[in-house]
Amino acid sequence: MHVIQRRSAKGVQTGTRNQRRLSFHLDPYSDVSAAPAIPHVSSFLCFTLGANIVPDILFFQLGFKLLRVLDIFFLHFDYFPDQILKLIHLRYLALNVTYELPASVSQLRNLQTLVIHGPWLCRESGGSPILLLEYWSMPSLRHVHITAACHLKNPFTVQDNLPRPFASEHLQTLYTIQFSCCTKEVFSVMPHLKKLGICETKEDFSTDSLSQVLNNLVCLQELETLECSFHAQNREVRKNLGLAALPVTLKHLSLSWSYLPWEDMTFIAMLPNLEVLKLKNYAFQGPKWEPTEEGFHSLKHLLIENTDLIHWEAIIVRHFPCLQHLVLKSCKLLEEIPFGVEELGTLQRLEAHYCSELIENSAKEIQEQIEGIDVIIRSDRYVKHSPCMILDL
């Protein structure tokens with residue numbers, strides 16, 4: 001990777017012509033304008049904010065012909081640069097957009113990974129962006145990462161005389177789609193999906209589409225990672241969410257704003273392959289969590305963030321026998337880390353971020369009891385990272 005960190009034309013030109021990988025870290029407009037053509041470069045990454053960049057200067061000045069990786073997340077364009085469509089060898093594309101992505105993106109037949117950041121809204125309606133049917137005709141597409149909750153156009157709503165989208169059968173990663181799109185018809189054409197992110201929008205909440213969302217995950221027999229975020233304005237305890245339908249293949253599960261009763265944790269605990277569990281923003285609600293005797297046999301990483309939990313009545317060595325990494329964030333009411341941590345031989349790291357003073361004291365005691373454990377304590381008073389680093393805030 002050739003990194004350009006100088007603004008002078010001489011600095012840009014030196015050693016760039018024959019480089020295969022190029023990264024800009026300063027003023028992209030000045031750097032690109034001063035750079036010579038680099039037709040053989042295969043990867044171009046920009047790590048500096050830039051606006052009002054003229055696409056012709058970026059793509060024609062550098063003379064990209066064999067580009068496979070293009071990451072211009074930090075550059076802002078008012079519209080999709082059509083010049084990208086000429087990069088026929090492109091495998092990876094990352095953009096920061098405030099516009100609708102055109103259907104012509106499907107012309108990138110070799111694209112494997114598409115990453116879209118930013119408030120991508122439909123200009124006409126101001127609503128959620130739409131993943132067009134044309135995208136699923138991209139034969140090499142495997143990974144789609146979009147930060148905004150998108151509406152996924154149902155492949156079965158098209159006319160019968162149109163070809164069935166075939167790229168979706170090879171899709172492995174899909175982030176993020178609305179709850180209303182989580183239908184059996186959609187999931188049935190993605191049999192090899194391994195990573196999925198879903199989000200409940202305001203529209204989803206008003207139509208009460210929640211009851212079937214998790215039940216439809218039964219179609220995803222190879223799903224390993226699920227990130228699920230609910231509509232934050234609903235603060236009522238949710239029941240009958242369908243957690244029993246979670247695929248047994250899950251290894252990573254993240255829940256946010258779900259307001260579930262702690263009793264429902266039983267369904268998650270019984271997932272035999274679960275290794276990472278992240279509970280964010282009142283994923284579960286209530287003052288007391290008493291885990292069942294069975295479950296969490298494979299769990300290695302547990303995060304609890306922003307909760308009203310007070311009493312966590314567990315015996316760590318019994319209920320979480322394989323735990324390696326415990327993270328507590330903004331657990332202001334939690335009174336104590338569960339009993340038996342010092343007996344757990346697998347625990348390697350313990351983090352307490354902006355929790356109660358009681359939790360901070362528990363973390364300090366555990367650090368003294370377990371030799372070699374990495375303990376991090378962050379609060380409004382100080383930051384402590386074992387064994388002896390303390391920083392004032």
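The questions and answers below concern the chain shown above.

Reply: The model is predicted, so that local features need pLDDT of at least 70 and side-chain atom pairs count only at pLDDT 80 or more, while totals for chains, interfaces and linings use all residues. Residues are numbered from 1 along each chain as its sequence is written, and side-chain values use heavy atoms, with hydrogens and water left out.

Me: How many helices and strands does the secondary structure of the chain come to?
Reply: Helices (H or I, at least four residues) and strands (E, at least two) are taken as DSSP runs, numbered from the N terminus. On that basis the secondary structure comes to nine helices and 23 strands.

Me: What percentage of the residues in the chain is buried?
Reply: Buried stands for under 20% relative accessible area, exposed for over 50%, and partly exposed for what lies in between, with a 1.4 Å probe and protein chains only. Of the 393 residues in the chain, the buried share is 50%.

Me: Which residues does Trp-312 touch, not counting residues up to four places away in sequence?
Reply: Contact is taken as heavy atoms within 4.5 Å. With residues up to four places away in sequence not counted, Trp-312 touches Trp-289, Pro-291, Leu-302, Ile-304, Phe-320, Leu-326, Leu-328, Leu-334 and Pro-338.

Me: Is the aromatic pair of Trp-262 and Phe-284 stacked or edge-to-face?
Reply: Rings of Phe, Tyr and Trp (its six-membered ring) pair if their centres lie within 6.5 Å, and planes under 30 degrees apart count as stacked, over 60 as edge-to-face and the rest as tilted. By this rule the count comes to nine aromatic pairs. For Trp-262 and Phe-284, the centres are 5.1 Å apart and the angle between the planes is 20°, and the pair is stacked.

Me: How many residues apart in sequence are the parts that this pair ties together?
Reply: Trp-262 counts as buried at 6% relative accessibility, and Phe-284 likewise counts as buried at 2%. Because Trp-262 lies in the loop between β13 (260–261) and α7 (265–269), and Phe-284 in strand β15 (residues 284–285), the pair ties together parts whose separation in sequence is 22 residues.

Me: Why is the pair of Trp-289 and Phe-320 edge-to-face?
Reply: Both Trp-289 and Phe-320 are buried. The pair is edge-to-face because the ring centres of Trp-289 and Phe-320 are 6.0 Å apart and their planes stand at 75°.

Me: Which polar contact does the side chain of Asp-308 make with Gly-286?
Reply: Asp-308 is found in the loop between β17 (301–305) and β18 (311–312), and Asp-308 is buried, with a relative accessible area of 18%. Leaving aside neighbours within four places in sequence, Asp-308 is in contact with Tyr-282, Phe-284, Gln-285, Gly-286, Pro-287 and Leu-333. A polar contact is a pair of N or O atoms within 3.5 Å; within protein, one must be able to donate a hydrogen and the other to accept it, and residues adjacent in sequence count only if both atoms are side-chain atoms. Here a polar atom of the Asp-308 side chain lies 3.0 Å from the backbone nitrogen of Gly-286.

Me: Which residue of β20 stands opposite Val-327?
Reply: Two strands pair if DSSP finds at least two bridges between them. Five bridges join β17 to β19, which run parallel, and five bridges also join β19 to strand β20 (residues 349–353), again running parallel. Four of the five residues of β19 are buried, so β19 is largely enclosed by the rest of the structure. Val-327 of β19 stands opposite Leu-303, and its opposite residue in β20 is Glu-351.

Me: How many disulfides does the structure hold?
Reply: A disulfide is a pair of cysteine sulfur atoms within 2.5 Å. The sulfur of Cys-199 is 8.4 Å from the closest cysteine sulfur, in Cys-228, which is too far for a bond. For the structure, the number of disulfides is zero.
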